[in-house]
Amino acid sequence: MDFGTDERQHGHGDGGDAAEWKKVAELRAVAEAQDPAAKEEDDFVLRRFLCARDYNIGKASTMLLQYLAWKRVTKPHGSISGEEVRDEIAKKRVDMQGFDRLGRPMAYIYGARHFPARRDLDGFKRYVAYVLDKICTRLPVGQEKFAAVIDLRGWGYANCDIRGYAAALDIMQSYYPERLGRVFLIHVPYMFMAAWKMVYPFIDDKTKKKFVFVADRDLDATLRDAIDDSQLPEEYGGKLKL
């Protein structure tokens, strides 16, 4: 399977070139003049915001400043503790173990364990940020992206949460740019496609290319192509215990 150039750029050990780092310095100067908190962010963070906005300084600075404002409100102490999202963690919707063949940490998300009738949207948003922070702490040196499998086995209308999905996508795209490498959607029921059509407009063009729907007949070959047997969970035919 060819993962495409987007899979290999900006986040798999490349150090960037002089022109790129010059742009980073320009972005830093613009952002710090408007919000001193930008000084706390390293150059790789700024580079991801630049990349997300096609190296347009004005658009990248607007995005970065919005992130800094969000961070102050959402993570006033620098991070979200497990205790703060204890109820969300208890639902066991996400497992984070193993790496794919590109060295990206893997997240396994179980859609049928999510029930919008039982969730508080603000609490869910904090949980999404908590999960994204958690997986980013597992990034090896030289790697900036993670990958995920969204398992929709057993998903039904009781699990459908357009507002929640849109909120999660917004958090990932707006505040964790260039972190997502690839998402495999597996065991996808036909009825899910109606929800997908409603969520699709909220996904930016770059991110859309990272979602891959995997037919059941191709599941084993696709996952084994992307993930070594030692890193693939037992439930998908590998040797990794979750």
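**Notebook: pocket and cavities**

I started with the lining of the largest pocket and sorted its residues by class: eight are nonpolar, three polar and six charged. I am working on a predicted model.

The volume of the largest pocket comes to about 290 Å³. I then asked which elements give two or more residues to its lining. They are α3 (43–52), α4 (57–74) and α6 (121–136).

I went on to the lining residues themselves. The largest pocket has 17 of them. Nearest its centre I noted R48, Y67, D133, Y176 and R179.

How many cavities of 30 Å³ or more does a search of the whole structure find? I got two. I followed up the largest cavity, which holds about 680 Å³ of space.

I listed what surrounds this space. The lining of the largest cavity is made up of 29 residues. I109, F124, I150, Y165 and A168 are the ones nearest its centre.

Last, I sorted the lining of the largest cavity by class. I counted 26 nonpolar residues, two polar and one charged. For the largest pocket my entry reads eight nonpolar and six charged, with three polar.

How values were computed
Residues numbered from 1 in each chain as written. Predicted model: local features only at pLDDT ≥ 70, side-chain atom pairs only at ≥ 80, totals over all residues. Heavy atoms only, no water. 1 Å grid on protein atoms, 1.4 Å probe; cavity = no way out; pocket = protein on both sides within 12 Å on 5 of 7 lines; lining within 4 Å. Points joined across faces, edges and corners; volume = space filled by probe spheres on them. Helix = DSSP H or I, 4+ residues; strand = E, 2+ residues; numbered from the N terminus. Nonpolar A, V, L, I, M, F, W, Y, C, P; charged D, E, K, R; others polar.
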